[in-house]
Amino acid sequence: MQPLAQPALDQLFFHAHSHLPCIPKPIEDETLVRLYETLRWGPTAANSSPLRVTFVKSAEARARLAACVAPGNVKKVESAPVTAILAMDLRFFEQLPKLFPLVDARAWYEGKGALVAETALRNSSLQGGYFVLAARALGLGCGPMSGFDAEAVRRAFFEGTELQPNFLCTLGYPDPEAPRRRNPRLEFGEACRIL
Ligand SMILES: Cc1cc2nc3c(=O)[nH]c(=O)nc-3n(C[C@H](O)[C@H](O)[C@H](O)COP(=O)(O)O)c2cc1C
């Protein structure tokens with residue numbers, strides 16, 4: 001494996017920002033399929049893959065979602081061509097015979113509510129990170145959001161299921177001319193140590 005070239009790193013990290021204004025270009029369904037088919041290869045515990053993604057694209061579904069978000073996020077959902085609901089499936093272990101077939105991994109989780117909830121949150125959040133990076137790799141901009149009413153989203157989109165929303169993420173093609181203001185990040189010595 002070779003390190004990625006600097007332009008690829010710039011696109012994924014150094015020049016990428018959250019909530020950049022988008023150009024008025026729709027996102028094709030094939031791109032959303034490609035996004036999922038890219039991010040799904042990121043690692044999760046026992047390959048459990050608890051993330052479930054709802055791509056909210058139609059005018060009706062966008063209005064339904066906009067009614068569930070914090071006031072400061074309403075315009076973001078209304079103006080984005082697509083907003084994804086990244087949810088975790090609390091029945092993820094039912095897929096383990098397919099996803100991790102060599103041992104009975106389903107038995108590790110079945111009936112163990114606290115472990116299921118912890119595993120679903122940790123691994124769907126990891127998959128959410130893969131989602132952002134996969135979207136950027138495909139040329140899309142991302143606007144992750146935790147400012148929403150999770151119970152309202154659950155009722156509006158997941159009634160009768162065991163899906164729980166984790167976070168939302170707007171998607172769109174960023175305007176290359178948009179001004180980019182970058183907040184600083186912690187320095188290596190503030191956030192890391194090498195023992
Ligand atoms: C899990 C998560 C939740 C966030 N929630 C919101 C939100 O509700 N509204 C918002 O405007 N931005 C939200 N953000 C965006 C962050 O503020 C932004 O990613 C961070 O300040 C870094 O900005 P940058 O990517 O432009 O450098 C969220 C980001 C993440 C990852």
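Because the model is predicted, local features were considered where pLDDT is at least 70 and side-chain atom pairs where pLDDT is 80 or more, whereas totals for chains, interfaces and linings use all residues. Residues are numbered from 1 along each chain as its sequence is written.

Four strands form an open sheet in the order β1-β2-β4-β3, with antiparallel pairing; strands (E, at least two residues) and helices (H or I, at least four) are DSSP runs numbered from the N terminus, and two strands are taken to pair if DSSP finds at least two bridges between them. The edges of the sheet are held by β1 (51-56) and β3 (141-145), each of which has a single partner strand, so that one side of each is left without a neighbour in the sheet. On average, and with direction ignored, neighbouring strands of this sheet are turned by 25° against each other. In general, strands of a sheet pair through backbone hydrogen bonds, in either the parallel or the antiparallel sense.

Along the sheet, β1 and β2 are joined in the antiparallel sense by six bridges, and Arg52 has Ala87 in β2 as its bridge partner. Strand β2 is in turn connected to β4 by eight bridges, again with the two strands running antiparallel, and here Met88 stands opposite Gln164 in β4. The pairing of β3 with β4 (residues 163-172) is antiparallel and extends over five bridges, with Cys142 placed opposite Leu171 in β4.

Strand β2 (residues 82-89) is largely enclosed by the rest of the structure, because eight of its eight residues are buried, a residue being classed as buried if 20 or more other C-beta atoms lie within 10 Å of its own, as exposed if 12 or fewer do, and as partly exposed in between, with C-beta atoms placed from the backbone. Val82, Ala84, Leu86 and Met88 point one way from β2, while Thr83, Ile85, Ala87 and Asp89 point the other way, and all are buried.

Helix α2 (29-39) packs against helix α7 (residues 113-137) at an angle of about 130°, with the axes 9 Å apart; axes are lines fitted to C-alpha atoms, for helices over the stretch in contact, and angles between N-to-C directions run from 0 to 180 degrees. The two helices α2 and α7 are therefore oblique to each other, since angles under 35 degrees count as roughly parallel, over 145 as roughly antiparallel, 65 to 115 as roughly perpendicular and the rest as oblique.

The loop between α2 and β1 contains Asn47 and Ser49. Phi of Asn47 is near 55°, a positive value in a residue other than glycine, and Ser49, likewise not a glycine, has a positive phi of about 50°. Asn47 counts as partly exposed, with 14 C-beta neighbours inside 10 Å, whereas Ser49 is buried, with 21 other C-beta atoms within 10 Å. Glu60, in helix α3 (residues 59-66), is exposed, with 9 other C-beta atoms within 10 Å.

The ligand is surrounded by His17, Ser18, His19, Asn73, Pro144, Met145, Ser146, Gly147, Phe167, Arg182 and Asn183, a residue being counted as near if its C-beta atom, placed from the backbone, lies within 6 Å. By class, this shell comprises three nonpolar, seven polar and one charged residues, where Ala, Val, Leu, Ile, Met, Phe, Trp, Tyr, Cys and Pro count as nonpolar, Asp, Glu, Lys and Arg as charged, and the others, Gly among them, as polar.
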